[in-house]
Amino acid sequence: MRLFECGALVPGCDWHTRADNDAEIVRRTVEHLRQAHGEDVIRETMVDNIKARITDETTKAA
Ligand SMILES: [Zn+2]
């Protein structure tokens, strides 16, 4: 599972999302940036910044 925490990009924001592929993470994060942070225009560099901050979540089976 892949994990993105918005706080890595926008200090103080505790929003995060998980998905099994990076494309889905980017899609959801762009949506979040628009709605929560008023980013109307998502630049290419922003997408790169998002991708650079996606981490692998090591999940332990419960
Ligand atoms: Zn955020």
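This passage describes the fold of a single protein chain, as seen in a predicted model.

The protein chain holds 2 helices and 3 strands, and, read from the N terminus on, its elements follow the order β-β-α-α-β.

The strands come together in an open sheet of 3 strands, ordered E2-E1-E3 and paired in antiparallel fashion. E2 and E3 are the edge strands, each pairing on one side only. Helix H1, spanning residues 22-37, packs on this sheet, where it touches E1 and E2; the direction of H1 makes about 150 degrees with that of E2.

Strand E1 (residues 2-5) and strand E2 (residues 16-19) run antiparallel and are joined by 4 bridges; here Phe4 of the chain stands opposite Thr17 in E2. E1 also pairs with strand E3 (residues 55-56), again in antiparallel orientation, through 2 bridges. In this second pairing, Leu3 stands opposite Thr55 in E3.

Of the 62 residues, 13% count as buried. As for contacts between residues at least 6 apart in sequence, 42% join residues at least 24 apart.

How values were computed. Residues are numbered from 1 along each chain as its sequence is written. This is a predicted model: local features need pLDDT of at least 70, side-chain atom pairs count only at pLDDT 80 or more; totals for chains, interfaces and linings use all residues. Two strands pair if DSSP finds at least two bridges between them. Two residues are in contact if their C-beta atoms, placed from the backbone, lie within 7 Å. Axes are lines fitted to C-alpha atoms, for helices over the stretch in contact, and angles run from 0 to 180 degrees between N-to-C directions. A residue is buried if 20 or more other C-beta atoms lie within 10 Å of its own, exposed if 12 or fewer, and partly exposed in between; C-beta atoms are placed from the backbone.
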